[in-house]
Amino acid sequence: MSTLRFPYKASLESRVRQYNLRRVDVRRTTNGTQLVICNPEFIHQGHSDVFRASMKVGRDAPLDVVCKIRCENFDRMRREARTYKRLEKCQGNSIPQFSCLVLEYCGVPFEGTLLHASWTFKFHLMACLLDIHDNGSQHNDITERSVVVRPDGRPCIVDLHWASEHICTCDRPTDINFHDVVPSIRDFVCTEIHDVADMMLLWRRRIVLYLTSRVDSKWAETPELLATQAPKGVSYDRALIVARHVVDEHRKRLAFRASLPFE
């Protein structure tokens with residue numbers, strides 16, 4: 001049975017202790033193999049304590065890794081480990097390489113918001129997410145904290161503790177055409193792909209909210225044009241005042257999309 005030797009100081013302990021962790025998966029390994037963690041550097045605290053460190057495996061050169069440690073409530077970590085196993089084909093590309101929740105160090109945390117990311121970054125992030133879906137899983141928690149940036153600038157998706165099995169039936173790549181009108185969620189098939197793409201403004205809005213109605217965005221070219229869609233009983237003056245506000249917000253959204261960098 002292989003073991004992992006890890007120096008770790010829990011929050012209530014005053015000194016670093018050495019822990020020998022047994023391997024509990026079913027993959028066959030050489031008996032007596034010892035993986036030794038050296039020079040751990042604390043980088044994040046959330047559901048787990050996360051460290052960047054060097055890992056020695058026998059006489060091989062040390063590996064640059066990220067280690068996730070939990071002292072209780074292991075269900076999330078077990079789920080994450082099962083997901084990494086299910087996504088073996090994605091490892092090293094869309095997600096990190098995996099070894100008993102010791103992961104390759106693949107980049108720095110993403111800074112800023114995904115909404116403001118460049119079109120190229122968004123394209124590669126969607127490719128990573130589609131890769132995960134193609135291999136039988138969905139992430140269930142795509143946010144800025146679940147994305148790291150590799151040294152070459154490409155994204156990598158992490159934090160798979162909420163992931164679940166998933167059969168995706170999106171017709172790629174035709175389902176995600178940047179700058180097209182946003183498709184209906186009823187017609188798109190995959191909720192997660194649709195929601196992430198919409199959250200990052202990959203598509204143009206199909207409708208605008210005007211007074212009590214959902215109006216096709218083609219009517220929002222000018223306030224006067226939008227005012228023609230006011231419900232019965234609304235005076236023209238009020239319809240025009242509200243239309244000016246709605247059209248202004250619609251134009252700001254279009255201008256924001258146009259201002260995003262390509263790379």
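A: Let us begin with confidence: pLDDT is the predictor's confidence in each residue, on a scale from 0 to 100. This is a predicted model, and its chain averages a pLDDT of 83, with 82% of the residues scoring at least 70.

Q: Where in the chain is confidence lowest, and where is it highest?
A: As a general idea, where pLDDT is low, the predicted coordinates should not be read in detail. Here the lowest confidence falls in strand β2 (residues 17-22), with a mean of 60, whereas helix α5 (residues 223-227) has the highest, at 97.

Q: In what order do the strands of the open sheet lie?
A: The sheet is built from 3 strands in the order β8-β10-β11, with antiparallel pairing. Because β8 (108-109) and β11 (155-157) are at the edges and each has a single partner strand, one side of each is left without a neighbour in the sheet. Between β10 (residues 147-149) and β11 there are 3 bridges, and Val-149 has Pro-155 in β11 as its bridge partner. Helix α2 (residues 119-134) lies across β10 and β11, and runs at about 30 degrees to β11.

Q: Which residues have the most contacts inside the largest nonpolar core?
A: In soluble globular proteins, nonpolar side chains tend to be buried together. The largest nonpolar core here has 35 residues, and those with the most contacts inside it are Ile-95, Leu-114, Met-126, Ile-157, Ile-176 and Ile-193. At least two residues of this core come from each of α2, β10 and α4 (191-199), and α2 gives the most, with 8 residues. Beyond its neighbours within four places in sequence, Ile-157 is in contact with several residues, including Ile-95, Leu-125, Leu-129 and His-139.

Q: What does the side chain of Asn-135 reach?
A: Asn-135 sits in the loop between α2 and β9 (137-138), and its side chain reaches the backbone oxygen of Asp-131 at 2.8 Å. Setting aside residues up to four places away in sequence, Asn-135 touches Arg-86, Leu-87, Lys-89 and Cys-90.

Q: How should I read the phi of Asn-39 and that of Leu-211?
A: Most residues other than glycine have a negative phi. Asn-39, although not a glycine, has a positive phi of about 50 degrees; this residue is found in strand β3 (residues 34-45), and it counts as exposed at 65% relative accessibility. Leu-211, also not a glycine, has a positive phi of about 55 degrees; Leu-211 lies in the loop between β13 (207-210) and β14 (213-216), and is partly exposed, with a relative accessible area of 28%.

How values were computed:
Residues are numbered from 1 along each chain as its sequence is written. This is a predicted model: local features need pLDDT of at least 70, side-chain atom pairs count only at pLDDT 80 or more; totals for chains, interfaces and linings use all residues. Side-chain values use heavy atoms; hydrogens and water are left out. Two strands pair if DSSP finds at least two bridges between them. Helices (H or I, at least four residues) and strands (E, at least two) are DSSP runs, numbered from the N terminus. Contact means heavy atoms within 4.5 Å. Axes are lines fitted to C-alpha atoms, for helices over the stretch in contact, and angles run from 0 to 180 degrees between N-to-C directions. A polar contact is a pair of N or O atoms within 3.5 Å; within protein, one must be able to donate a hydrogen and the other to accept it, and residues adjacent in sequence count only if both atoms are side-chain atoms. A nonpolar core is a set of buried Ala, Val, Leu, Ile, Met, Phe, Trp, Tyr and Cys residues joined through side-chain atoms within 4.5 Å. Buried means under 20% relative accessible area, exposed over 50%, partly exposed in between (1.4 Å probe, protein chains only).
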